[in-house]
Amino acid sequence: MASSDVSVDIRSDFNSFDHFPSMRYIATDRPWLKLYGIRVQPMPPFRSLSCKPDPALIHHCLPDELLLEIFTRMNPYTLGRAACVCRKWKYTARNPALWRAACLKTWQRSGTEVNYMMVRSLYDSSWRRMWLQRPRIRIDGLYVSRNTYIHTGVTEWQFKKTVNVVCYYRYLRFFPSGKFLYKISPEKIKDAVKCMHFRASKADCVFKGDYILSEDGQVKSSDLIEMALLYPGHRYTLVRMRLRLRGTTIGANNRLDVLKILTTGVNATELKNWTGSILELVEGWEEDETHDPDVPAVSHSRGLSPFVFVPFEEADTSVLNLPVEKMDYYVPG
């Protein structure tokens, strides 16, 4: 295996939004702006299946080597949209090197050798098929769970008892490093997305935890996600969640079904000298096990609506921002 086949930049480039916590809209991705000052090697001209001259003006002005360089700097979702433009862009977007870089970056924690073994044994050596069929957690947006319940109001003048529909959200943002951010708030997505970063203040109530996408013997990925986070305070409360990843279409990975949410206690002495992840701390624990008698283990049965994925660029326009009077209940597919 040549070193050039696996030499991809795996630095996290999904935190650009973190530098602008106060901005309202996220700028559109323009990968061609990254080509300034870069010397591009020429390549043979593109040959379509029909061998007819291409009448498109953009293809006469844009050399094939620059088109490939622009595609190289696109994320996979933008690359998929670009493949729908014309035949030339479709076949250029099928370049295996583009999807290999995306797969190695997405599943970097699995290791390069494991990824190469999986693409050969499970996906017919097709990196694009691996990207579409292998379960993966999306990190280009937020997973949002919208929950509602009926709250009894105060009796007024002994005539009637009012009721209110209360709406609150659970927010999850995942990172390639195995960390995630968690927030429960009545704030709409367009407001909550501004504080979903590692520099959030205590007033934002954003908590950090660890997650893992289970794998069967490091050979085949599963769709189960194990998560754990710690609520600080006078008594430490440990939150453990088990989710199932699925998609409404092939390769979407845009739904998270909540299988279990469990809160339990943890001893402060265990955390004093602990330097590993929270998942490693609770490894081997029983589901109803607690290490603090004052914080019993509780399995929650409310607020378990599925998580819906919302990309960052759709945070302001998502239907989940509608108020209760316009959408009192929301049932995701």
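Where does arginine 134 lie?

1. Arginine 134 lies in the loop between α7 (127-133) and β1 (141-156); helices (H or I, at least four residues) and strands (E, at least two) are DSSP runs, numbered from the N terminus. The model is predicted, local features need pLDDT of at least 70, side-chain atom pairs count only at pLDDT 80 or more, and totals for chains, interfaces and linings use all residues. Residues are numbered from 1 along each chain as its sequence is written, and side-chain values use heavy atoms, with hydrogens and water left out.

2. Arginine 134 counts as buried, because its relative accessibility is 0% (buried is under 20% relative accessible area, exposed over 50%, partly exposed in between; 1.4 Å probe, protein chains only). Its side chain makes a polar contact with the side chain of serine 110, at 3.3 Å. Such a contact is a pair of N or O atoms within 3.5 Å; within protein, one must be able to donate a hydrogen and the other to accept it, and residues adjacent in sequence count only if both atoms are side-chain atoms.

3. In helix α2 (residues 64-72) the buried residues are Asp64, Glu65, Leu67, Ile70 and Phe71. These pack against α3 (76-82), α4 (87-93) and α5 (96-106), contact meaning heavy atoms within 4.5 Å.

4. Strand β6 (residues 237-246) is largely enclosed by the rest of the structure, because 7 of its 10 residues are buried. Strand β7 (residues 255-265) runs antiparallel to β6, and 10 bridges join the two (strands pair if DSSP finds at least two bridges between them). Arginine 240 stands opposite leucine 262 in β7.

5. The structure holds 13 aromatic pairs (rings of Phe, Tyr and Trp, its six-membered ring, with centres within 6.5 Å; planes under 30 degrees apart are stacked, over 60 edge-to-face, the rest tilted). One of them, phenylalanine 175 with phenylalanine 198, is tilted, at 4.6 Å centre to centre and 35° between the planes. Phenylalanine 175 lies in the loop between β2 (160-174) and β3 (179-185) and phenylalanine 198 in the loop between α8 (189-192) and β4 (207-216), so the pair ties together parts 23 residues apart in sequence. Phenylalanine 175 is buried at 3% relative accessibility, whereas phenylalanine 198 is partly exposed at 41%.

6. The rings of phenylalanine 207 and tyrosine 231 form an edge-to-face pair, because their planes are at 90°, with centres 4.5 Å apart. Ring pairs also link Tyr143, Phe174, Phe180, Tyr211 and Phe309 into a cluster.
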